Amino acid sequence: MKKKIILTMLVCIVVSYFGRIEKEIIDELEVATAVGFDSKGKNKIEATAVMPLIKPDKTISNKTVSTIGNLSKEALSNVNHKSHKPVVNGKLEVALYSKKVAEAGIQDYIDTFHRDPSVGSRLLLTVVDGEVKEMLQETFEEFDTGSYIQKQLSHNMERGLIPTSNLHLFLSSYYTKGMDPVLPLIELKDDDINIKGLALFKGTKMVDSIPFRNMFVFKSLFENIKMAGYKLKTKEKGETEYFSIQGISTRKEFDVTHIHKAPEVTLHLKIKGFIREYTGEGVSSKTAEKAEKLMENKVKKEAEMLIKKFQRKNIDPLAFGEQARSRTRHWDEKKWNQQYKNMKVNVKVDVMISEIGVVDGLEL
């Protein structure tokens, strides 16, 4: 009986001692929602963190802290030195990298977040064309800057033209054989956040970009789309006509053949939508047919242009390599990389557009 009492007391002592968790009171912390990185010359990195400040009238403003270090980890650590409260990353929503930093490679930055257990895998990453510090110092009425950028990126991934991406998906693309990552490319324009295009990576280094006008076609090739919009332009009898195609949903399928000898990829893209607006004289079935052919030709031409660009740069953001690897045994990555630049890619586009439409009925 005495042994049981002693054992119980020892267990209680151990649990009470090792089970203690350091308390973190929110009012005694600086909660960062965004962190960004700018290049400041050779081996110099400026880190800028954004913390929301809620005023007595319930409006939100920002507190930004910037520090310079030789390494990303050092620059982030120095942020704490310049704050009168501990800065925590538990609510970090977005990480931003200037183009110069992205072109040099973001491996160390990604590694820092990946190893930090307080940072979630859904952290959004983006490249900034311009100075990140200037963007993070901008204020917005409804939200702090970090939350504002995160909400804009998330919205445009769900219902816009930005391909779905976050820390977890970036790492997955990086480590998957036969695939390269992409990230949104944004800029500060007229005191607001503007989506400029997509940053293309080889490994963790940005090597090129595509403009916003190509993002619909890229996202269609990258993943299935729901509820997108697209504008078409044509000339009839010397006059320019415009179509607004809405409620667009897409579906893609890959077919990879002759993998071991001379690989060939056929990409089937199906697009459905309806005409929301048309500047010509009335909308009829012939109008819809005209829009279908116009869109098929335009999307096919643009898709082929993008794929050739990727082959020239020897990057594979559409994961053709992963498609081939998953379809065959003994896939040779080195041989594939040699064949990729000259590989034949066939793009087949099938567009079905109704004269008018109801959003809820457009399922492929």
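Colleague: Where does E138 lie, in a helix or in a loop?

Modeller: E138 lies in the loop between α5 (132-136) and α6 (145-158). Helices here are DSSP runs of H or I with at least four residues, strands are runs of E with at least two, and both are numbered from the N terminus. Keep in mind that this is a predicted model: local features need pLDDT of at least 70, side-chain atom pairs count only at pLDDT 80 or more, and totals for chains, interfaces and linings use all residues. Residues are numbered from 1 along each chain as its sequence is written, and side-chain values use heavy atoms, with hydrogens and water left out.

Colleague: Is E138 buried or exposed?

Modeller: E138 counts as buried because its relative accessibility is 18%. Buried means under 20% relative accessible area, exposed over 50%, and partly exposed in between (1.4 Å probe, protein chains only).

Colleague: And what is E138 in contact with?

Modeller: Leaving aside neighbours within four places in sequence, N62, T145, L188 and D191. Contact means heavy atoms within 4.5 Å. E138 and D191 are 53 residues apart along the chain, with 7.2 Å between their C-alpha atoms.

Colleague: OK, over to E187. Which strand is that in?

Modeller: E187 is in strand β8, residues 182-189.

Colleague: Which side chain makes a polar contact with the side chain of E187?

Modeller: The side chain of N194, at 2.7 Å. A polar contact is a pair of N or O atoms within 3.5 Å; within protein, one must be able to donate a hydrogen and the other to accept it, and residues adjacent in sequence count only if both atoms are side-chain atoms.

Colleague: Switching to helices: how many residues has α9?

Modeller: Helix α9 has 29 residues, 285-313. Just after α9, N314 takes a positive phi of about 55 degrees.

Colleague: What does Q311 touch?

Modeller: Q311 lies in α9 and touches Y340, K341, N342, M343 and V345, not counting residues up to four places away in sequence. Q311 counts as buried because its relative accessibility is 7%.

Colleague: How many helices and strands does the protein come to?

Modeller: Eleven helices and 14 strands. Buried residues make up 48% of the 364 residues.

Notes
The expected span of a helix is 1.5 Å times one less than its number of residues.
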